[in-house]
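Please look through the sequence and the model below before reading on. The paragraphs that follow go from one part to the next.

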Amino acid sequence: EVEVWSEIGIIFMMFGLGLEFSFKKLMSVGSKAFITAFLGILGMIGVGALLGFLMGWGTMESLFLGGMLAMSSTAIIIKAFEDLDLKGRPFADLTMVVLIIQDIVAVVMMVLISTVAASKGSAPGKEILLSIVKLIFFLILWFVIGIYLIPTLLRKFKNYINDENLLIISIGLCFAMVIIANQVGFSSALGAFVMGSILAETDECLRIEHLTESIKNLFSAIFFVSVGMMIDPQVIAQNWKLVLTLVLITLIVKALVS
């Protein structure tokens, strides 16, 4: 039950982040963010895979380890930036776009690796092609709805929408995009961010951000409680050498790669 509530917490945190990231802001740091994200992902996958091989793991296990080390927790970094009052700084904007690119790449990468691992020697080309088609469909949907449909509708019916209606409409749109993202194979967090960035292009952006702030804060707290509940001290005690090695790699090597 806590896991379900924490998932809602991530959705609202990413929706709030999306409200602060218009398409213009995403495009303004696009090239830097793509270079940083892809070089960081490739570097950490290499480090993780090498560590897996040194421990005697198989190819798939080593690639999964590298993939996990390459990713960052967007929700936790957002909260850290908020608490330190760093949101809005140029480096913070760049970091956030890098994280979003990482989320997209992570989904595609894990689908591809899982497909290859599950194929057991058979040709996984069909599943990989289907995953790429789904990604293209989702990005086109993001662009079309974000640029044309929703901003136009909200502008047209502006005089008929009060605060209560706007709150319900914005949350409804958020969860609608979450459902679409899940159906396509992406994470709930990415779907929420996409809808937030779409609504950031509307005239009602600041109003929506104000109306949803208290809801976001409530569910964010539940999310961080759930993170604490997933930590098992016994697992740490039994595998402390491996855990310590992975922590040091994450703190030191990942910082150097970035």
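Predicted model: local features only at pLDDT ≥ 70, side-chain atom pairs only at ≥ 80, totals over all residues.

With which side chain does the side chain of Ser-6 make a polar contact? The partner is the side chain of Ser-226, at 3.4 Å. Ser-6 lies in helix H1. Its relative accessible area is 7%, and because buried means under 20%, Ser-6 counts as buried. Leaving aside neighbours within four places in sequence, Ser-6 is in contact with Ile-222, Phe-223 and Ser-226.

Now step back to the whole chain. The protein chain has twelve helices and zero strands. Read from the N terminus, its elements are therefore written as α-α-α-α-α-α-α-α-α-α-α-α. The chain has 258 residues, and buried residues make up 41% of them. A further number concerns contacts between residues at least 6 apart in sequence: of these, 80% join residues at least 24 apart.

Return to helix H1, which spans residues 2-19. Which residues make the contact between H1 and helix H8, and how do the two helices cross? Helix H8 covers residues 163-184, and the axes of H1 and H8 come within 11 Å and cross at roughly 110°. Angles from 65 to 115 degrees count as roughly perpendicular, so H1 and H8 are roughly perpendicular to each other. Their crossing is right-handed. On the H1 side, the contact is made by Ile-8, Ile-11, Phe-12 and Phe-15. On the H8 side, it is made by Ser-170, Ile-171, Cys-174, Phe-175 and Val-178. By class, the residues of this contact are eight nonpolar, one polar and no charged.

One residue of that contact can be followed further. Phe-175 sits in helix H8. Is Phe-175 buried, exposed or partly exposed? Its relative accessible area is 28%, which lies between the 20% limit for buried and the 50% limit for exposed, so Phe-175 is partly exposed. Not counting residues up to four places away in sequence, Phe-175 touches Ile-8, Ile-11 and Phe-12.

Phe-175 and Ser-188 are 13 residues apart in sequence, and their C-alpha atoms are 8.6 Å apart in space. Ser-188 is found in helix H9, which consists of residues 188-199. With 7% relative accessibility, Ser-188 counts as buried. The side chain of Ser-188 makes a polar contact with the side chain of Glu-7, at 3.1 Å. Setting aside residues up to four places away in sequence, Ser-188 touches Glu-7, Ile-11, Val-178 and Asn-182.

The axes of H1 and H5 come within 10 Å and cross at roughly 60°. H1 passes H5 in a left-handed crossing. The contact of H1 with H5 has five nonpolar, one polar and one charged residues.

Beyond H5 comes a loop worth a look. Asp-85 is found in the loop between helix H5 (74-83) and helix H6 (90-119). Asp-85 has a positive phi of about 55° although it is not a glycine. Its relative accessible area is 61%, and since exposed means over 50%, Asp-85 is exposed.

The last stop is helix H3, residues 30-54, where Ile-41 is found. Is Ile-41 buried or exposed? At 3% relative accessibility, Ile-41 counts as buried. Ile-41 and Ala-70 are 29 residues apart in sequence, yet from C-alpha to C-alpha they are 4.9 Å apart in space. Residues up to four places away in sequence aside, Ile-41 touches Ala-70, Met-71, Gln-102 and Val-105.

Definitions and conventions: Residues numbered from 1 in each chain as written. Heavy atoms only, no water. Axes fitted to C-alpha atoms, helices over the stretch in contact; angles between N-to-C directions. Helix = DSSP H or I, 4+ residues; strand = E, 2+ residues; numbered from the N terminus. Parallel < 35°, antiparallel > 145°, perpendicular 65-115°, else oblique. Left-handed = near helix turned anticlockwise from the far one by under 90°. Contact = heavy atoms within 4.5 Å. Nonpolar A, V, L, I, M, F, W, Y, C, P; charged D, E, K, R; others polar. Buried < 20%, exposed > 50% of the residue type's maximum accessible area, 1.4 Å probe, protein only. Polar contact = N/O pair within 3.5 Å; in protein donor to acceptor, adjacent residues only side chain to side chain.
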